[in-house]
Amino acid sequence: MNGTTAFWYASRATGVVALLLLTAVLVLGILVSRQGRLPGLPRFAVTSLHRNISLLAVAFIAVHVLTAVLDTYVNIPILAGVVPFASSYERGWLTLGAVSFDIMLAMIITSLLRGRLNRVLWRAVHLLAYLCWPVAFAHSIGSSRDLQHGWLLDLAVGCALAVAAAVSWRLAHAARQLPRAARVAAIMARHAPAPGTRGSERTRERIAR
Amino acid sequence: MTTTEMDSPAAHPAAGPAGGLPRLLPPVPGVPEDLRAHLARYGRPPYLGGPGLLIRGAQAAGLTGRGGAAFPVHRKLAIVAGARGRKVIVANGAESEPASRKDALLLRVAPNLVLDGLQLAAEAIGASEALLYLHPGVSQEIWRALSQRAAAGTDWIDVTITEAPPRFLAGQESALVNRLGGGPALPTFVPPRVSERGLRGAATLVQNVETLAHLALIARYGPRWFRALGTGQEPGSMLTTVYQADGTSQVIEVEIGAPLRTLLASQPQAAEAQALLIGGFHGTWLPTAQAASLTLDNATLNRHGAALGAGVIAALPAGRCGLVEAARVARYLAAESAGQCGPCLNGLPRMAAGLAELAGRGHRRQVRADLERWAGPRSLITGRGACNHPDGTVRFVASALTVFAPEIALHAQGHCSTTSRRPFLPLPDGMPTTEDDWF
Amino acid sequence: MAETLRVNPINCSGHGVCAELLPELISLDEWGYPIIDPRPVPSALDLEARRTVAACPALALKLIRTDAPAPVR
């Protein structure tokens, strides 16, 4: 659907930027949970960037929704930004956008109130990030044909690859993670093997050397 | 003044207003506990009708907890009694220290005293729930006592028994509340203390079973009677588990402040002790020469860096290697870590490994520096966990490094002062590896 | 009204952000876990301390009023 108003262009542009920012937030969030670092930057940069870019993403999405509403070529009620099925125009795709935005708002509000909330609740809401991104991505691809060809398609594919790589990295780590109850046993086996076991032979050799 | 449970049934003065020891342990050992006999001797529990009298009595008597922390009982009672909302009382019989047998014995030979104390304290705080937390295998006499009491109508509140897993930390206050609430027996971060917010949010009074038994007697005979034994600051009697140098062990009820050497067997043909462990696995090793002149009260022991703890006293026989014993215990303590806090999870296994290396033949120089960093006076492990398991373990290891320093020097040359590597201190087999092990 | 920094060692997973933001009061041990100066936070570092508490990814760091009684373990 080709609109010619400035609002329509602004909405599409802020939408693309929002997708980029959201991709960055997810990758940074995974980096935080893995205690990873960005080369050349201190550790607090990773957490700071994650938090600040998430707020920036919300700001861009707010503009993205607002400009789409203000554009007169199609009629989109403002509620469609957060309420599913509220728009008759592209009902399905916009619903996906509203759902992902709702999840984002829940994640940010629970994070701002984190000290007062149950830890399990915060974590459960924050894990919805893994749902939020694919839904936002589907919304981006489907609600306008921008991302379906040209360099914007390359951009979209790039974002998807980045998320896929980060999530695989996270899953690989989770698979290797020992449950709490097994951690002590693992460290004991490595550092304090029982006398008479093979581990203790290795320790004795280490001493003899 | 001491009396042992294993003494021949010679005449001992009965506990009571006129008597000395024993107070908790029965005067004639080996007779199974029976509610009728208990009632004949003590009468029914003297319910006092409210918090005031029992708390004042506990305060005047100066009763402190016998579970190891020696916290003033009246203060805990007052905190819980004064709290808003529901209150819960838990009798802690989960004697998690492998070397301690006093609670198991008390629950076998005097369960009704313990249960009396539980009932009296429950009434005093206005508890709506009463629990008894026990390791499996302890509870046969308890079940019988409970059913007899139910039939006789002596109890103010019903008591529920909950099983504690066989973990060293299972009896720790917050771990206990965690377990009773349906979770694993893992310590939780304090504050809030369980006496303020414990089981399902209710103010929870947790008392060791021996403490409750003392309380049951104080309620009958009064604070002055209680103070007839013990010191001014630490009145009363306590149960100790003593490991003699000849390999035997007993549970002995002793007056607080009695000389330590009265606990130790003094048969001339028995092996002499090379060192004494005071206070169990979170306690302190002391050289025999120093320890034998001490008295059994915290005021004296604290001056020497030790404390009574849960009353375990062990004399290391001459034929055993103290380093090997210490290394075995340190390994056990490391394996029993909850694994929740970085310094404990990482530090205790490495500390145990270091001690094991010292107990071997020859060690790397690095080990001494490492152990100094972990267990020395400026320990990087003490105070950095959510409970005091790392602190207690460091105390044990640090005192072992001091007392067995000559042994360390010998081992560094590849020698040992003894030939026997037979284990002395009791340790359970196996270690926890799955989440189920904590339930 | 002085405040001290305390860490909840169960929630702490050793991210190390706190030591970067407040090196005057927090250092890391050999395993990456924070060693915190037990003395009250000097007023000059008060703002930094609050920022550090907010920055912890595990929300394990707290500022405690020191006239509250120290918890008995």
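Reader: If two residues are in contact when their C-beta atoms, placed from the backbone, lie within 7 Å, what share of the contacts in chain B with a separation of 6 or more comes from residues 24 or more positions apart?
Author: The share is 71%. This is a predicted model, in which local features need pLDDT of at least 70 and side-chain atom pairs count only at pLDDT 80 or more, while totals for chains, interfaces and linings use all residues. Residues are numbered from 1 along each chain as its sequence is written, with chains lettered from A and ligands numbered from 1 in the order in which they are written.

Reader: How does the radius of gyration of chain B compare with that of a compact globule?
Author: The two agree, because a compact globule of 439 residues would have a radius near 22 Å and chain B has 22 Å. The radius is taken over C-alpha atoms, and the globule rule is 2.2 Å times the number of residues to the power 0.38. The C-alpha trace of chain B spans about 65 × 50 × 35 Å along its principal axes.

Reader: And how many helices and strands does chain B have?
Author: Chain B has 15 helices and ten strands. These are DSSP runs numbered from the N terminus (helices H or I, at least four residues; strands E, at least two).

Reader: Is strand E10 of chain B buried or exposed?
Author: Six of its six residues, 312-317, are buried, so the strand is largely enclosed by the rest of the structure. Buried means 20 or more other C-beta atoms within 10 Å of the residue's own, these atoms being placed from the backbone. B:Val312, B:Ala314 and B:Leu316 point one way, and B:Ile313, B:Ala315 and B:Pro317 the other.

Reader: Which strands are joined to E10(B)?
Author: Strand E6 (residues 237-243) of chain B runs parallel to E10(B), with three bridges, and B:Tyr243 has B:Ala314 as its bridge partner. Strand E8 (residues 273-278) of chain B runs antiparallel to E10(B), with five bridges, and B:Ile278 stands opposite B:Ile313. Strands pair if DSSP finds at least two bridges between them.

Reader: Changing topic, what are the domains of chain B?
Author: They are domain 1 (2-226), domain 2 (237-317) and domain 3 (322-423), with bounds from an automatic or database domain assignment. The C-alpha centres of domains 1 and 3 of chain B lie 34 Å apart. Eight residues of domain 1 of chain B are in contact with seven of domain 3 of chain B.

Reader: And how many residues make up the contact between chains A and C?
Author: Each of chain A and chain C gives eight residues. On the chain A side, helix H2 (residues 43-70) gives the most, with three residues.

Note on methods
Buried ≥ 20, exposed ≤ 12 C-beta atoms within 10 Å, placed from the backbone.
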